[in-house]
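The following exercises concern a structure with its sequence. Each task is followed by a solution in steps.

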Amino acid sequence: MSGRPVLGVVSGLFFGLFLAVMLQQFGVLPLDTLSVVGLPVVGIVLGLILAATAPFGRKS
Amino acid sequence: MRRISIMGGLATVLLLAALPASGVVTGGCDGSVTIAGVTYGPDNDTADNPIVVPADKAGVVAGWEGSTSTPITDHTGSVGVEVGPVTLEIQSWGGANAENETSAEGTYALDSLPPFVKGLTGIYEVTATHSGTGGSCAGSVMVRLDGNAATSPVGAASIGGTLLAAAGLLAAGRGRAV
């Protein structure tokens with residue numbers, strides 16, 4: 001991986017959790033299993049993909 | 001059924017709204033709650049059709065009524081909020097219902113809500129059960145606490161946390177120097 005996988009996993013986890021709470025607070029989704037478990041999992045996967053592909057600011 | 005009144009507070013309102021029979025409710029219970037001139041019932045079980053609670057407004061009184069198809073004696077029950085796969089119980093009750101009553105009604109002043117509720121906004125899935133000798137009921141409704149999410153403590157924290165975590169995701173996608 002050319003990015004930062006640990007940062008990706010941690011950031012993705014918290015991104016999903018905070019996004020779930022934000023959507024709940026704005027009345028979009030309740031804090032059901034889909035949002036509380038699903039969104040953090042999606043965030044972790046997104047973090048790993050970003051870390052694997054490192055599409056931003058690649059340095060050589 | 002009179003003993004249902006001991007549940008008290010918002011839990012009573014939410015329970016009696018959650019118990020009515022609908023596609024996802026079991027048991028022969030029925031009920032409704034009227035808030036700010038709008039009557040809610042068993043169909044208010046989706047995020048786009050919730051029971052709207054103006055917790056941020058003063059002087060609002062909710063009227064509620066509920067019934068069971070048969071007397072339920074020696075009953076227990078609870079009402080809770082779904083948080084992921086876990087149900088956080090917010091109220092429980094029990095009683096003999098020696099009078100074999102099958103209905104109850106009353107009012108609840110939203111000003112009596114706990115202070116922390118007034119700082120919350122958003123959509124909540126509320127579930128309830130009520131069971132005893134003679135029958136049982138269970139069901140759920142969606143409840144939306146009105147208010148400005150952007151200025152509530154939890155809402156503002158969630159916005160900040162989401163942005164901070166998004167920045168972390170972008171940083172994770174930055175290529176390392178080789």
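**Exercise 1: A strand and its partners**

In E9(B), Gly139(B) is the bridge partner of Ala128(B). The model is predicted: local features need pLDDT of at least 70, side-chain atom pairs count only at pLDDT 80 or more, and totals for chains, interfaces and linings use all residues. Residues are numbered from 1 along each chain as its sequence is written, while chains are lettered from A and ligands numbered from 1 in the order in which they are written.

Task: Determine how E8(B) and E9(B) pair, and which residue stands opposite Ile51(B) in E9(B).

Solution. 

Step 1. Strands (E, at least two residues) and helices (H or I, at least four) are DSSP runs numbered from the N terminus. Two strands pair if DSSP finds at least two bridges between them.

Step 2. E8(B) and E9(B) are joined by 11 bridges in the antiparallel sense. The two strands form a hairpin with 1 residue between them, and Gly134(B) in the turn has a positive phi of about 115°.

Step 3. Strand E3 (residues 51-53) of chain B runs parallel to E9(B), with 3 bridges. Here Ile51(B) is opposite Val143(B).

Step 4. A residue is buried if 20 or more other C-beta atoms, placed from the backbone, lie within 10 Å of its own; it is exposed if 12 or fewer do, and partly exposed in between. Because 8 of the 11 residues of E9(B) are buried, this strand is largely enclosed by the rest of the structure. In chain B, buried residues make up 39% of the 178 residues.

**Exercise 2: Where the chains touch**

Task: Find how many residues of chain B are in contact with chain A, and which element of chain B gives the most.

Solution. 

Step 1. Two residues are in contact if their C-beta atoms, placed from the backbone, lie within 7 Å. By this criterion, 33 residues of chain B contact 37 residues of chain A.

Step 2. Strand E5 (73-83), strand E8 (122-133), strand E9 (135-145) and helix H3 (153-172) of chain B each supply at least two residues of the side that touches chain A. H3(B) gives the most, with 13 residues.

Step 3. The predictor assigns the complex an ipTM of 0.92 and a pTM of 0.78.

**Exercise 3: Confidence**

Task: Identify where confidence in chain B is lowest and where it is highest.

Solution. 

Step 1. pLDDT is the predictor's confidence in each residue, from 0 to 100. Its mean over chain B is 82, and 85% of the residues reach 70 or more.

Step 2. Confidence in chain B is lowest in helix H1 (residues 9-18), at a mean of 46, and highest in H3(B), at 96.

Step 3. Over residues 1-23 of chain B, pLDDT stays under 50. Where pLDDT is low, the predicted coordinates should not be read in detail.
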